[in-house]
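Dear colleague,

I am passing a structure on to you, and my notes follow it. Please have the model open beside you as you read.

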Amino acid sequence: MMDALKRISEALSSDPLIAAKVETRIKYYVYPDTADVTKPYIVIDPLRPPVPDDYADNDWMTETHLIQIDVWAKTRAEKDLLGNQIQLVMKTVGFYQSGSGVDEYDKDVQIYRDGRRYLGKFYRDDL
């Protein structure tokens with residue numbers, strides 16, 4: 001089975017723009033404390049387990065992954081820059097933006113959030 005979180009994290013970490021802005025603040029599942037968001041932060045969050053798809057001989061050939069990636073940043077410009085770059089990187093690893101997302105500002109902690117959902121379908125690697 002493909003490790004979607006690892007694949008995405010490695011792709012985002014190796015992108016020069018994202019690496020320069022976010023450094024090591026790319027996490028799975030773990031959302032930052034409000035004190036930790038003085039610099040941009042990315043959270044990769046699966047929204048469901050992989051779903052078997054495309055059957056042949058009563059066995060599934062592919063898995064569909066639904067992932068949400070949140071960008072937390074102090075400025076709207078930085079949030080948008082990183083969100084758009086993530087969208088480009090996700091396309092290179094086989095994920096496409098899908099469905100709704102989140103674009104909000106939390107005035108209490110003065111942080112912007114861009115949450116986009118991505119869908120990817122991959123052949124099983126254990127066949």
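**Strand pairing and what surrounds it**

Tyr 41 stands opposite Trp 72 in E4. This belongs to the pairing of E2 with strand E4 (residues 59–73), which run antiparallel and are joined by six bridges; strands are said to pair if DSSP finds at least two bridges between them. Helices (H or I, at least four residues) and strands (E, at least two) are DSSP runs, numbered from the N terminus.

Before going further, please note that this is a predicted model, in which local features need pLDDT of at least 70 and side-chain atom pairs count only at pLDDT 80 or more, while totals for chains, interfaces and linings use all residues. Residues are numbered from 1 along each chain as its sequence is written, and side-chain values use heavy atoms, with hydrogens and water left out.

As for the whole, the protein chain has three helices and seven strands, and from the N terminus on its elements run α-α-β-β-β-β-α-β-β-β. Its C-alpha atoms fill a box of roughly 55 × 25 × 20 Å, taken along the principal axes. Of the 127 residues of the protein chain, 40% count as buried, where buried means under 20% relative accessible area, exposed means over 50%, and partly exposed lies in between (1.4 Å probe, protein chains only).

Strand E2 also pairs with E1, here in the parallel sense and over three bridges, and Lys 27 stands opposite Val 43 in E2. Five of the six residues of E2 are buried, so this strand is largely enclosed by the rest of the structure.

Leaving aside neighbours within four places in sequence, Arg 25 is in contact (heavy atoms within 4.5 Å) with Lys 39, Pro 40, Tyr 41 and Ile 42.

The loop between strand E1 (26–28) and strand E2 (41–46) holds Val 30, which is partly exposed at a relative accessible area of 48%. Tyr 29 is found in the loop between E1 and E2 as well, and has a positive phi of about 65° although it is not a glycine. Most residues other than glycine have a negative phi. A positive phi, near 60°, is also found at Asn 58, which lies in the loop between strand E3 (51–56) and E4 and counts as exposed at 80% relative accessibility.

Finally, which residues does Trp 60 touch, leaving aside its neighbours within four places in sequence? They are Met 1, Pro 52, Asp 53, Asp 54, Tyr 55, Arg 124 and Leu 127. Trp 60 lies in strand E4 and counts as partly exposed, at 24% relative accessibility. The C-alpha atoms of Trp 60 and Tyr 123 are separated by 9.0 Å, although these residues are 63 residues apart along the chain.

With best wishes
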